[in-house]
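Subject: Structure for you to look at

Hello,

Here is the structure I promised to pass on. Please open it and keep it beside this email as you read.

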Amino acid sequence: MLKFYGSHLCKDCVNLKANCEKYGIAYEYSDISNDLAALKEFLKLRDENPVFAEAKQAGGIGIPAIVNADGTVTLDWMKVIAETGNEPFEEMKSSCCLADRSGC
């Protein structure tokens, strides 16, 4: 089962969740905008994992942050869905997660 940190305000997070539900992919979701404990877990992960370096440098949050069953972390939700043999789709198209409102 994969675990991911995200926000209901983030288009990529909404899209990942929709893909998991449509394709029956088991997941655990931690909404960092609604749960302080989840936010603290995410911030610890973000501080300690180099996969977030590019997102941080670009002014991004780094969500959805997907923790695979083996403990590896990725920010590429489309690749995660594709690796299950399914075609990723976008349910939500607009986003404003970056400081410049261009994405997550």
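This is a predicted model: local features need pLDDT of at least 70, side-chain atom pairs count only at pLDDT 80 or more; totals for chains, interfaces and linings use all residues.

Start with helix α2, residues 36–48. The helix has 13 residues. From first C-alpha to last, α2 reaches 18 Å, close to the 18 Å expected at 1.5 Å a residue.

Now look at which residues of α2 are buried. They are Ala38, Phe42, Leu45 and Arg46. These four cover an arc of only 100° around the axis, so they sit on the same side of α2. What do they pack against? The partners are the strands β1 (2–6), β2 (27–31), β3 (65–67) and β4 (73–74), plus helix α3 (53–57).

Turn to the other side of α2. Here Leu36, Lys40, Lys44, Asp47 and Glu48 are exposed.

Check the start of α2 as well. A side-chain oxygen of Asp35 comes to within 3.0 Å of the backbone nitrogen of Ala37.

Next, find Pro64. It lies in the loop between α3 and β3. The peptide bond that joins Ile63 and Pro64 is cis, with omega about 0°.

Last, go to Gly85, in the segment after α4 (77–82). Is Gly85 buried or exposed? Its relative accessibility is 67%, and the cut-off for exposed is over 50%, so Gly85 counts as exposed.

Best wishes

Conventions:
Residues are numbered from 1 along each chain as its sequence is written. Side-chain values use heavy atoms; hydrogens and water are left out. Helices (H or I, at least four residues) and strands (E, at least two) are DSSP runs, numbered from the N terminus. The expected span of a helix is 1.5 Å times one less than its number of residues. Buried means under 20% relative accessible area, exposed over 50%, partly exposed in between (1.4 Å probe, protein chains only). The arc is that of the directions from the helix axis to the C-beta atoms. Contact means heavy atoms within 4.5 Å. A polar contact is a pair of N or O atoms within 3.5 Å; within protein, one must be able to donate a hydrogen and the other to accept it, and residues adjacent in sequence count only if both atoms are side-chain atoms.
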